[in-house]
Amino acid sequence: MPSLADFKSMCFEMQVPEEFQKSFFADRHRIVKETANYALNHGGTDGTLTNLNDGTMLWGASTIEENYLLDEVVARYKPAVVVEIGLYRGQTALTLNRALDRHCQGARYFGFDISEASIDITNALLRSQQFSHQWDVQLQGYSGSLAEGLRPDLVLIDGDHSFVGAAQDLVTAYNLLNVPGVIAIHDIGAPNWGFTHQPPGILFHDVFPKLAGANVEISWLDSMCRNLTMRMLSPSANTINNYCENSDEASLIGCMTMKDTIEGWGGMGLIEKRTPNHQINLEEIMALAPPAAPSVTAVARRSMISRALRKASELIP
């Protein structure tokens with residue numbers, strides 16, 4: 001198994017085992033079905049169900065490379081408690097739970113989102129798989145209250161993408177994380193190519209390392225590492241393992257994918273905490289925030305992860 005640091009050298013291509021590819025695309029078809037069912041039964045009233053002709057609205061925005069990285073993290077660290085913030089269409093929830101079932105007997109997974117559609121779709125997807133470990137998906141909003149009693153080993157942050165929201169989630173997750181433990185952050189951009197313009201990327205690459213120093217090991221999967229994704233988006237892709245049903249859809253999603261990458265979306269950051277009891281506070285991070293980021297006092301400390309972890313701790317017997 002590669003070191004997490006090895007992923008930084010994968011600027012464009014990752015070797016994804018065929019077995020994982022088959023599982024990923026089987027999940028994609030499940031997501032399309034459950035999302036379409038939800039839209040049909042709810043009349044598309046949820047704001048997250050607009051533009052259903054857009055492929056990502058049906059199956060989610062994470063690439064096969066990013067999902068395989070999460071699978072590798074679970075295989076390496078064998079976390080006992082996993083928390084995911086921001087579920088969207090449930091693709092990464094399926095990936096994490098499938099990996100937990102293979103590698104982590106007795107593990108517990110807790111997923112949270114503020115979208116009723118995302119909760120219902122993810123619940124349906126996870127129920128259909130009959131996983132042997134404990135899992136729970138909850139509709140939760142933002143809160144500044146601290147979690148008590150729950151010490152996660154792996155946290156995936158993909159919720160509030162504002163700078164202060166991502167910072168709050170990162171601080172809360174980091175301060176509660178077991179050692180060794182890992183925080184994965186989506187949408188950190190493509191530093192190898194200079195595309196890190198979104199707040200999670202600025203936080204991950206430019207701000208957090210200055211405060212954490214030698215207490216962490218920081219690695220990432222560059223968002224430009226999507227050779228397999230792009231080949232499967234090709235209009236000429238004709239296997240069962242392809243994202244699109246026709247060439248028009250493939251061209252549309254392919255263009256959107258590259259536009260998102262150039263704007264700094266995509267990519268997966270990894271923070272491995274090495275020092276027990278090391279803490280970071282939000283004020284330190286906000287003092288290093290770029291000028292466009294709002295001050296912490298301008299936002300009512302609206303972290304989803306703190307409330308999510310507190311709720312999850314209540315669910316653990």
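This report walks through the sheet of a predicted model and the helices packed around it.

**The chain as a whole**

The chain holds 11 helices and seven strands. Of its 317 residues, 57% are buried. Taking contacts between residues at least 6 apart in sequence, 84% join residues at least 24 apart.

**The sheet**

If you trace the strands in the structure above, you will find an open sheet of seven strands, in the order β3-β2-β1-β4-β5-β7-β6, with mixed pairing. Which strands stand at the edges? They are β3 (134-139) and β6 (216-221); each has a single partner strand, so one side of each is left without a neighbour in the sheet. From one strand to the next, the twist averages 15 degrees.

Strand β2 (residues 108-113) pairs with β3 in the parallel sense, over six bridges. To find this pairing on screen, go to Phe 110, whose bridge partner in β3 is Asp 136. β4 and β5 also pair in the parallel sense, over four bridges. A handy landmark there is Leu 154, which has Val 182 of β5 as its bridge partner.

Are its residues buried or exposed? Six of its six residues are buried, and the strand is mostly covered. Gly 181, Ile 183 and Ile 185 point one way from β5, while Val 182, Ala 184 and His 186 point the other way.

α4 lies across β1 (81-85), β2, β3 and β4 (154-157), and runs at about 175 degrees to β1. Helix α5 (residues 116-127) lies across β2 and β3, running at about 165 degrees to β3. The edge strand β3 therefore has a single partner strand in the sheet, yet both α4 and α5 lie across it.

**Two helix pairs**

Two packed helices are described by the angle between their axes and the distance between the axes. Here are two such pairs from this model.

| Helix pair | Axes come within | Crossing angle |
|---|---|---|
| α3 (residues 64-77) and α4 (residues 91-103) | 9 Å | roughly 30 degrees |
| α6 (residues 163-176) and α7 (residues 199-212) | 9 Å | roughly 55 degrees |

The crossing angle makes α3 roughly parallel to α4, because angles under 35 degrees count that way. α3 passes α4 in a right-handed crossing. On the α3 side, the residues in contact are Asn 67, Leu 70, Asp 71, Val 74 and Ala 75. They meet Gln 91, Thr 92, Thr 95, Leu 96, Ala 99, Leu 100, Arg 102 and His 103 in α4. By class, this contact has six nonpolar, five polar and two charged residues.

In the other pair, the angle makes α6 oblique to α7. This crossing, too, is right-handed. Which residues of α6 and α7 meet? Phe 163, Ala 166, Ala 167, Leu 170 and Tyr 174 in α6 meet Pro 199, Ile 202, Leu 203, Val 207 and Phe 208 in α7. The contact of α6 with α7 has 10 nonpolar residues, with no polar and no charged ones.

Terms used:
Residues are numbered from 1 along each chain as its sequence is written. This is a predicted model: local features need pLDDT of at least 70, side-chain atom pairs count only at pLDDT 80 or more; totals for chains, interfaces and linings use all residues. Side-chain values use heavy atoms; hydrogens and water are left out. Axes are lines fitted to C-alpha atoms, for helices over the stretch in contact, and angles run from 0 to 180 degrees between N-to-C directions. Helices (H or I, at least four residues) and strands (E, at least two) are DSSP runs, numbered from the N terminus. Angles under 35 degrees count as roughly parallel, over 145 as roughly antiparallel, 65 to 115 as roughly perpendicular and the rest as oblique. A crossing is left-handed if the near helix is turned anticlockwise from the far one by less than a right angle, and right-handed if clockwise. Contact means heavy atoms within 4.5 Å. Ala, Val, Leu, Ile, Met, Phe, Trp, Tyr, Cys and Pro count as nonpolar, Asp, Glu, Lys and Arg as charged, and the others, Gly among them, as polar. Two strands pair if DSSP finds at least two bridges between them. Buried means under 20% relative accessible area, exposed over 50%, partly exposed in between (1.4 Å probe, protein chains only).
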